[in-house]
Amino acid sequence: MNHTAHNKLVAFIWSIADDCLRDVYVRGKYRDVILPMLVLRRLDAVLEPTKQAVLDEVEFQRTNYDTTELESGGLTDASGYVFYNTSKWRLQSLHDTASNNTDILVGNFNEYLNGFSTNVIDIINKFALKDKIKHMASKDVLLGVVEKFISPDINLTPNEKTDSEGYPLPILTNLGMGYVFEELIRKFNEENNEEAGEHFTPREVIQLMTHLIFDPIKDSIPPVITIYDPACGSGGMLTESQNFITQNYPLEGRGRDIYLFGKEINDETYAICKSDMIIKGDDPENIKNGSTLAVDSFYGIQFDFMLSNPPYGKSWGADAKYIKEDGSKAVIDPRFKIHLTDYWGQKYPADAVPRSSDGQLLFLMEMISKMKSPEENNGQGSRIASVHNGSSLFTGDAGGGESNIRRHIIENDMLETIIQMPNNLFYNTGITTYIWVVSNSKPIHRRGKVQLIEASQLFQKLRKNLGDKNCEFAPEHIAEIVQYYLVSGFIVPANHIIYGFL
């Protein structure tokens with residue numbers, strides 16, 4: 001899909017909210033309807049060509065197997081995807097057979113939603129979509145919204161299609177749908193900027209992070225890649241990383257196998273991320289819901305690359321009972337236990353837990369615990385890019401949790417670079433932020449050193465503020481920072497850094 005067609009499609013979907021939802025939802029809640037309905041229509045559209053094959057498989061299983069449970073393997077084979085719908089309904093038929101009886105419409109719609117496979121039902125439940133369907137029906141706007149999404153003048157399918165006047169519409173690939181989805185998330189988050197920073201990292205910041213992670217090893221990126229974000233939000237870092245590698249470092253002769261993993265605690269944001277994975281053809285089961293700090297959902301798994309913008313200044317007190325033993329201060333989660341070296345060169349165990357009012361360093365320790373050993377990964381190891389505020393650098397007394405974490409990272413020569421970014425770069429905070437680049441396989445010229453890049457003055461002003469965000473990185477700023485990172489910059493010997501005050 002070309003840029004013009006992409007913009008037209010985004011504008012059409014964007015207009016549905018004002019055309020249909022005005023006076024039914026406040027403007028800040030439009031996304032709560034438009035995003036799940038977009039997901040629903042895309043899933044509905046891609047299943048359309050194999051709908052009859054799935055229904056035939058359902059009939060076959062019910063006729064030949066003495067069971068009330070349908071076998072999912074046969075259904076996914078019939079649909080051609082990792083999801084399916086076993087009901088007789090599609091959005092088009094729900095619209096075409098609708099009457100003035102709201103109860104019948106809602107009942108048919110629920111039958112349609114219940115026909116999806118469990119991975120999609122999980123998304124439907126997290127979106128609370130059934131409640132929204134009932135609410136829209138009660139306000140007589142449901143059919144209007146459905147009619148817009150099944151309009152012949154847009155193509156949300158991966159198949160060739162003509163508009164109402166017979167002109168061809170460009171197909172929408174999984175990658176193209178991912179771009180549309182991400183663009184709508186961005187626009188809705190900018191409209192609702194008081195919450196945007198909780199779930200959305202500015203795209204240019206993620207672009208910088210992908211350059212920092214992948215550019216230094218561009219000639220040795222493996223053909224099979226795992227990427228992880230322990231605070232994945234709507235999945236922007238995972239998607240941008242995947243797109244970056246696909247576009248900038250394709251593997252000649254075949255595509256790379258890129259596997260995305262993430263965890264998100266917010267139900268709706270998790271649903272958006274999981275939807276994005278399904279839409280793009282990635283494995284939705286690799287996206288988990290819940291607290292990263294409380295439960296190690298990827299125990300025993302290591303990843304090649306990790307990128308994250310974890311919450312900072314946020315208490316992890318609710319997770320403390322899972323990290324520390326009840327009635328004592330003993331840390332029981334191995335992710336947050338480390339070994340330090342004393343004055344005589346002897347290793348001794350230490351806790352790696354910061355004060356309960358700020359858990360951002362715990363997310364960094366989560367990622368460090370999932371680094372691949374260079375010895376077991378062809379010398380490659382793992383690379384991490386993580387966003388932090390100044391607290392991770394400066395807070396905590398010597399011997400305290402924050403200091404122990406910094407000391408662990410530096411003593412093991414994992415801290416590669418710290419980049420200071422401009423203030424007011426994020427949507428919900430104007431404070432100074434930093435990118436930490438961590439690697440357990442530093443190149444020789446970086447060993448025993450930490451590179452510090454001061455990039456706080458590299459920005460361009462926005463014409464209109466987006467919450468606290470009043471500036472952004474332009475492409476030339478990203479290029480300049482990456483150039484400093486690759487070939488120059490102020491490098492401090494690691495043993496000159498004071499652990500308690502880094």
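In the loop between which two helices is the place of Asp140? Select Asp140, and the loop turns out to be the one between helix 8 and helix 9 (142-149), where helices (H or I, at least four residues) and strands (E, at least two) are DSSP runs numbered from the N terminus.

Before going further, note that this is a predicted model, in which local features need pLDDT of at least 70 and side-chain atom pairs count only at pLDDT 80 or more, while totals for chains, interfaces and linings use all residues. Residues are numbered from 1 along each chain as its sequence is written, and side-chain values use heavy atoms, with hydrogens and water left out.

Most residues other than glycine have a negative phi. Asp140 counts as exposed because its relative accessibility is 66%; buried means under 20% relative accessible area, exposed over 50% and partly exposed in between, with a 1.4 Å probe and protein chains only.

Next select Asp23, in the loop between helix 1 (3-21) and helix 2. Its phi, near 75 degrees, is positive in a residue other than glycine, and at 77% relative accessibility Asp23 counts as exposed.

**Helix 2 and helix 9**

Now show helix 2 (residues 30-47) together with helix 9, whose axes come within 10 Å and cross at roughly 50 degrees. The axes are lines fitted to C-alpha atoms, for helices over the stretch in contact, and angles run from 0 to 180 degrees between N-to-C directions. Ile34, Met37, Leu38 and Arg41 of helix 2 meet Val145, Val146 and Phe149 of helix 9, contact meaning heavy atoms within 4.5 Å. By class these residues divide into six nonpolar, no polar and one charged; Ala, Val, Leu, Ile, Met, Phe, Trp, Tyr, Cys and Pro count as nonpolar, Asp, Glu, Lys and Arg as charged, and the others, Gly among them, as polar.

Keep Arg41 selected, since at 5% relative accessibility this residue counts as buried. Not counting residues up to four places away in sequence, Arg41 touches Leu91, Phe149, Ile150, Leu156 and Lys161.

**Helix 6 and helix 8**

Move to helix 6 (residues 102-114) and helix 8 (residues 129-138), whose axes come within 10 Å and cross at roughly 160 degrees. That makes helix 6 roughly antiparallel to helix 8. To display the contact, pick Thr102, Val106, Phe109, Asn110, Leu113 and Asn114 on helix 6, and Leu129, Lys130, Ile133, Lys134, Ala137 and Ser138 on helix 8. This contact holds six nonpolar, four polar and two charged residues.

Select Arg203, found in helix 12 (residues 203-214), which counts as buried at 15% relative accessibility. Leaving aside neighbours within four places in sequence, Arg203 is in contact with Glu182, Gly236 and Glu240.

Helix 16 (residues 360-368) is largely enclosed by the rest of the structure, because nine of its nine residues are buried; Phe363 and Glu366 are among them.

From there go to Gly399, in the loop between helix 17 (391-394) and helix 18 (401-411). At 58% relative accessibility Gly399 counts as exposed. Gly399 and Asp351 lie 48 residues apart in sequence and 9.5 Å apart in space, C-alpha to C-alpha.

**Colouring by confidence**

Finally, colour by pLDDT, the predictor's confidence in each residue from 0 to 100. The mean for the protein is 88, and 94% of its residues reach 70 or more. Over residues 497-502 the pLDDT is below 50, although this stretch has 22 contacts in the model beyond near neighbours in sequence. Where pLDDT is low, the predicted coordinates should not be read in detail.

Definitions and conventions. Parallel < 35°, antiparallel > 145°, perpendicular 65-115°, else oblique.
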